[in-house]
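Hi everyone, thanks for coming. Let me put the structure up on the screen, and then we can walk through it together.

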Amino acid sequence: MDFSLTKEQLMVRNVMKEFAENEVKPIAAEIDETKRFPRETVEKMAKYNMMGIPFPTEYGGAGGDDLAYVIAVEELSKCCATTGVILSAHTSLACWPIYKYGTEEQKQKYLVPLAKGEYLGAFALTEPNAGTDAASQQTSAVFDGENYILNGTKIFITNGGEADVYIVFAMTDKSKGNKGISAFIVEKGFKGFSIGKIEDKMGIRASSTAELIFQDCVVPKENLLGNEGEGFKIAMSTLDGGRIGIAAQALGIAEGALDEAIKYVKERQQFGRPLAKFQGLQWMIADMATEIEAARYLVYRAAYNKSNGLPYNKEAAMAKLFASRCAMDVTTKCVQLFGGYGYTKDYPVERMMRDAKITEIYEGTSQVQQMVIAAALLK
Amino acid sequence: MNIIVCIKQVPNTNEVRIDPVKGTLIREGVPSIINPDDRNALEEALRIKDSHDDVKVIVLSMGPPQADAAIREAIAMGADEGILLSDRAFAGSDTWATSTALAAGVKYIGDFDIIFCGRQAIDGDTAQVGPQLAEHLGLPQITYVEELKIEGDKVIAKRALENGYFVIEAKMPVLLTAIKELNKPRYPSIKGIYDAYKGDKVKVLTAKDVNADFDNIGLEGSPTQVMRSFTPPGRTGQGEIFQGDYKESVKKLVVRLREKHLV
């Protein structure tokens with residue numbers, strides 16, 4: 001069993017670490033406070049081919065692999081979970097389904113600029129009445145002989161309003177339930193497509209989370225992704241991969257918080273010695289580091305499987321379930337180690353704790369991950 | 001135009017610790033990086049490549065086999081190819097032996113217009129290798145370059161001084177050393193990283209391959225001998241803090257300074 005990263009992956013880690021510390025960390029607190037979408041960071045990431053890491057160069061990607069991509073999300077999230085999810089939603093949820101299910105024309109038209117980072121991508125499945133129960137889609141798509149006409153509303157869409165290209169799911173045949181859902185590639189400028197409410201969130205506050213409104217939105221028939229009725233399959237398989245990205249985000253948040261806490265307990269003096277000298281706190285640090293290491297191997301394993309054509313549905317669910325729980329647990333303990341200071345905005349751990357919570361919710365709640373894992377075991 | 005950029009792989013001194021007994025650097029577990037000033041030299045070479053036609057950037061380094069990673073990183077940033085001088089015969093080289101080896105490497109490459117070095121390495125701080133290399137090769141040199149222009153067959157460089165600068169013009173071929181004010185180095189691109197490991201972009205050469213002068217390389221060829229290295233002991237004196245009303249404190253401070261004949 002080989003646990004070593006390739007030379008390329010190691011260098012990706014070094015570069016992402018340096019990039020995150022120099023370009024992302026300095027603005028993390030400010031964009032959290034002001035909810036400002038970090039457009040400049042997206043542009044910088046595009047310049048260094050970070051927006052299409054696992055895709056082949058002929059489609060505008062970096063020619064890398066899923067593990068390198070996961071490492072990128074992890075390193076960004078150590079400093080800023082918002083930046084981590086912008087990259088994760090873009091890569092896993094927008095680029096990947098086009099790469100996997102798109103026609104050659106769709107790949108040339110959409111994947112190439114997405115993977116180059118000239119376009120930002122988003123994925124629109126959730127509706128007010130179709131959250132975990134994703135099959136209850138209300139948005140409809142009616143074919144008029146030339147175009148699909150979309151009507152309905154999507155909510156909680158990551159990168160919504162900032163993205164140029166959206167993967168949108170809609171019912172083409174309500175009588176068929178799951179099998180009546182289809183996927184579409186929708187550009188931000190399409191007639192009848194507008195952005196509604198932008199959410200004001202607890203964490204990942206600079207990530208744009210928007211409502212999408214489709215009012216007789218005209219989508220050309222060549223923008224149908226896959227075949228009619230394949231939407232649910234496309235959505236579920238896309239989320240399988242997306243979960244690895246979110247698990248990496250959770251892992252990064254936990255690591256970032258532990259790094260801050262280790263620095264702090266070495267400096268902070270109480271009862272005449274640094275906190276690091278108190279055994280009770282040493283045990284907390286040891287437990288957190290162990291939990292993080294376990295999360296890391298689950299996340300990397302899922303990414304490794306995906307890159308190597310091995311099954312990853314259950315592995316991705318386990319990685320996300322465990323890593324998001326780890327993020328919540330570690331960030332809560334880190335705030336505890338900082339005491340009163342940890343509860344203030346003078347230190348980043350309170351932001352990390354707020355950011356961690358969403359990893360247990362989006363791209364499938366922890367309970368959904370448990371459903372997926374159980375289904376794989378009990379079939 | 002061919003530009004040779006000399007780089008050194010160094011331990012990241014931000015993370016380095018000193019062995020309190022031996023007084024030497026603890027290198028174990030310390031990540032290696034391209035020496036920062038060398039990154040500025042490389043960045044400037046890459047900018048020339050970006051803005052001129054037919055520029056080839058060749059990275060040259062002397063070091064252990066692991067230095068391959070530093071050269072690949074330089075290629076991931078945009079350099080065309082790399083040469084690593086790696087041989088036990090080079091081990092223990094001081095600046096003289098290093099510049100002798102690098103000069104042999106440059107002669108092996110042959111055709112060049114500019115040699116670009118960093119001002120100095122963060123693990124040695126000598127700033128000698130660049131100038132020595134120019135002397136070995138009989139080249140004009142401009143050190144501490146903080147701004148650079150290429151005009152026809154010459155370079156015009158702003159050379160930083162403590163309280164000002166020189167503007168110096170030199171015909172190519174020329175050797176330049178870069179300081180951090182010269183530019184902000186780019187990151188390697190992710191695509192560049194994967195490309196850097198494809199194909200045969202790094203050549204590893206021995207002392208024999210480059211026809212190095214064996215009398216002037218390695219530990220034997222190094223005139224510098226390190227007799228002892230140590231960490232200066234920490235100061236033992238106690239500080240004194242004046243607290244309370246600042247006017248009173250300043251008075252007390254002035255009195256104490258007078259007592260010590262410091263003012």
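Let's start in chain B, where B:V145 stands opposite B:R159 in β10(B). Before I go further, a word on what you are looking at: this is a predicted model, in which local features need pLDDT of at least 70, side-chain atom pairs count only at pLDDT 80 or more, and totals for chains, interfaces and linings use all residues. Residues are numbered from 1 along each chain as its sequence is written, and chains are lettered from A and ligands numbered from 1 in the order in which they are written.

Back to that strand pair. β9(B) and strand β10 (residues 154–161) of chain B run antiparallel and are joined by 6 bridges. When I say that strands pair, I mean that DSSP finds at least two bridges between them. The helices (H or I, at least four residues) and strands (E, at least two) are DSSP runs, numbered from the N terminus. The hairpin of β9(B) and β10(B) has 2 residues between the strands, and there B:G152 takes a positive phi near 60°.

What does β9(B) pair with in parallel fashion? That partner is β12(B), through 3 bridges, and here B:V145 stands opposite B:A178. β12 (residues 174–178) of chain B also runs parallel to β8 (residues 114–118) of chain B, with 5 bridges joining them. In β12(B), B:T177 is the residue opposite B:C117.

Now zoom out to the whole sheet. It is open, with 9 strands and mixed pairing, in the order β11-β10-β9-β12-β8-β1-β6-β7-β13 (chain B). Its edge strands are β11 (164–171) and β13 (202–205) of chain B, each of which pairs on one side only. From one strand to the next, the twist averages 30°; for angles like this, axes are lines fitted to C-alpha atoms, for helices over the stretch in contact, and angles run from 0 to 180 degrees between N-to-C directions.

Two helices go with this sheet. Helix α1 (residues 36–51) of chain B packs on it, touching β1 (2–6), β6 (56–62), β8, β9 (141–151) and β12 of chain B, and its direction makes about 145° with that of β8(B). Touching, or being in contact, means that the C-beta atoms of two residues, placed from the backbone, lie within 7 Å. Helix α3 (residues 95–109) of chain B lies across β1, β6, β7 (81–85), β8 and β13 of chain B, at about 145° to β6(B).

One backbone detail before we leave the sheet: where is the cis peptide bond? It joins B:M172 and B:P173, with omega about 0°, and B:P173 lies in the loop between β11 and β12 of chain B. For comparison, most residues other than glycine have a negative phi, and most peptide bonds are trans.

Over to the place where the two chains meet. The contact takes 11 residues from chain B and 15 residues from chain A. On the chain B side, α2 (68–77) and α5 (190–196) each supply at least two residues, and α5(B) gives the most, with 4 residues. By class, the chain B side divides into 8 nonpolar, 1 polar and 2 charged. In that count, Ala, Val, Leu, Ile, Met, Phe, Trp, Tyr, Cys and Pro are nonpolar, Asp, Glu, Lys and Arg are charged, and the others, Gly among them, are polar.

Finally, chain A. An automatic or database domain assignment supplies the bounds, dividing the chain into domain 1 (7–120), domain 2 (122–232) and domain 3 (233–378). The C-alpha centres of domain 1 and domain 3 of chain A lie 20 Å apart, and 24 residues of domain 1 are in contact with 24 residues of domain 3. The elements giving two or more residues to the domain 1 side are α1 (7–34), α3 (66–79) and α4 of chain A.

The axes of helix α4 (residues 81–101) and helix α6 (residues 231–267) of chain A come within 9 Å and cross at roughly 155°. That makes α4(A) roughly antiparallel to α6(A), a label used for angles over 145 degrees. Residues at this contact include A:W96 in α4(A) and A:Q249 in α6(A), and by class it has 9 nonpolar, 10 polar and no charged residues.

That's my tour; happy to take questions!

Notes:
Parallel < 35°, antiparallel > 145°, perpendicular 65-115°, else oblique.
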